[in-house]
Structures are given as structure tokens and as C-alpha cells.
Amino acid sequence: LCIFLSACGYHLRGQIELPEQMKAVYLQGASQPLFEKFASLLRAGQAELVDAREKAGVIVKISKDRVTRRTLSLSETGRATEFEIYYELFYQLETPDGKPISDEQRLELSRAYFNDQVDILGRENEERVIRDELYRQAVQSMINYARIVVENRGK
């Protein structure tokens with residue numbers, strides 16, 4: 001069973017394989033939640049966020065990192081019954097000496113959720129979970145894109 005699983009490419013959820021250039025990444029201009037998610041996902045790939053551009057194999061330069069919330073629907077009493085969390089991110093990949101290795105990328109993610117008028121604590125927790133998931137999904141997309149760029153650049 002172990003041989004079969006290893007042969008088919010199976011790996012634990014969250015574990016990622018990164019090219020050697022991505023074992024040390026410098027993240028510039030990110031918000032704290034994005035920074036934390038990025039660091040966590042890199043650790044899953046046996047990589048790390050470094051504290052200086054010179055130590056990195058790839059620089060991820062964030063030019064815009066914004067989360068907004070808007071009302072989607074109102075009840076008959078005028079209270080918001082449904083919200084949308086919208087996350088917008090612009091980033092570019094660079095070499096340690098500042099040369100771009102990709103065009104600026106735009107990433108947009110959104111989730112709608114029901115605003116429970118009774119369970120206030122549950123509502124706040126749900127929004128926090130949704131924001132956390134949006135950051136995780138954004139980081140996963142950035143890492144996947146960076147892997148493709150770095151691997152194709154080496155060919």
C-alpha cells in the first residue's frame with residue numbers, strides 16, 4: 001500500500017513541492033494576515049519567508065492587498081441579511097536584484113454569507129473564517145503561479 005501511494009504521487013493535504021529557487025521567498029508589501037498565511041503554506045513545502053531580498057530566490061512584490069465587505073441584501077426592516085467579502089490582490093514576481101520575472105497579476109476572490117440577526121457571535125466568527133479562507137486561497141494561487149513561472153524560467 002505504501003509503495004502504491006508513493007508511486008501515484010499521493011501527498012498529505014497542504015503539503016506542496018517547491019522548486020529550489022522557491023525554498024527562500026521574500027514577501028514585500030503584504031498585510032499581516034497575508035504574510036502569516038504565506039509563511040504557513042511555505043513551511044508546508046519545507047521553505048521559508050526570509051527577512052531580506054538578498055537571501056531569497058524569488059521576491060513576491062505586493063502592490064495592492066485589500067479586503068472589503070458590501071451588503072448584498074436587506075430585510076424588510078432595513079437590516080443587512082447577506083454580505084459579500086471581496087478580496088483584491090495585485091502582485092508581481094521578481095529576482096533578488098529587482099528584475100521582474102512575471103507581469104503584474106491580479107487576483108480577485110469573493111464569498112457571500114448570510115447575516116444571522118440572532119447569532120451575533122456566530123456571524124463574526126463566520127466572517128473571520130471566510131476572510132481566513134480567502135487569504136489561504138490567494139496564497140495558494142500565488143504559490144502555484146510562482147511555481148509555474150520559476151519552473152518554466154529554468155527551461
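Predicted model: local features only at pLDDT ≥ 70, side-chain atom pairs only at ≥ 80, totals over all residues.

Biologist: Where in the chain is Arg53 found?

Modeller: Arg53 is found in the loop between E2 and E3. A distance along the sequence and a distance in space can be read side by side: Arg53 and Ala24 are 29 residues apart in sequence, and their C-alpha atoms are 9.6 Å apart in space.

Biologist: What share of the contacts in the whole chain join residues at least 24 apart?

Modeller: Among contacts between residues at least 6 apart in sequence, 66% join residues at least 24 apart. As for burial, 34% of the 155 residues of the protein chain count as buried.

Biologist: How many helices and strands are there in the chain, and in what order do the elements run?

Modeller: The protein chain has three helices and five strands, and from the N terminus on its elements run α-β-α-β-β-β-β-α.

Biologist: How does the span of helix H2 agree with its number of residues?

Modeller: Helix H2 (residues 32–44) has 13 residues, which at 1.5 Å a residue should span 18 Å, and its end C-alpha atoms are 19 Å apart, which agrees. The buried residues of H2 are Leu34, Phe38, Ala39, Leu41 and Leu42. After H2 comes Gln46, whose phi is positive, near 55°.

Biologist: How is a pair of aromatic rings described?

Modeller: Such a pair is described by the distance of the centres and the angle of the planes. In this structure the count comes to three aromatic pairs. In one of them, Phe83 and Tyr113, the ring centres are 5.9 Å apart and the planes stand at 35°, so the pair is tilted. This pair links distant parts of the chain, with Phe83 in strand E4 (residues 80–94) and Tyr113 in strand E5, 30 residues apart. Both Phe83 and Tyr113 are buried.

Biologist: What are the distance and the angle for Tyr87 and Tyr135?

Modeller: The rings of Tyr87 and Tyr135 have their centres 4.9 Å apart and their planes at 65°, so this pair is edge-to-face. Because Tyr87 lies in strand E4 and Tyr135 in helix H3 (residues 120–153), the pair ties together parts that are 48 residues apart in sequence.

Biologist: Are Tyr87 and Tyr135 buried or exposed?

Modeller: A residue counts as buried under 20% relative accessible area. Tyr87, at 0% relative accessibility, therefore counts as buried, and Tyr135 counts as buried at 11%.

Biologist: Which charged end sits over the ring of Phe83?

Modeller: The charged end of Arg69 sits over that ring of Phe83, 4.0 Å from its centre.

Key: Residues numbered from 1 in each chain as written. Heavy atoms only, no water. Helix = DSSP H or I, 4+ residues; strand = E, 2+ residues; numbered from the N terminus. Expected span 1.5 Å × (residues − 1). Buried < 20%, exposed > 50% of the residue type's maximum accessible area, 1.4 Å probe, protein only. Contact = heavy atoms within 4.5 Å. Phe/Tyr/Trp six-rings, centres within 6.5 Å; stacked < 30°, edge-to-face > 60°. Lys NZ or Arg CZ within 6 Å of the ring centre and 35° of its normal.
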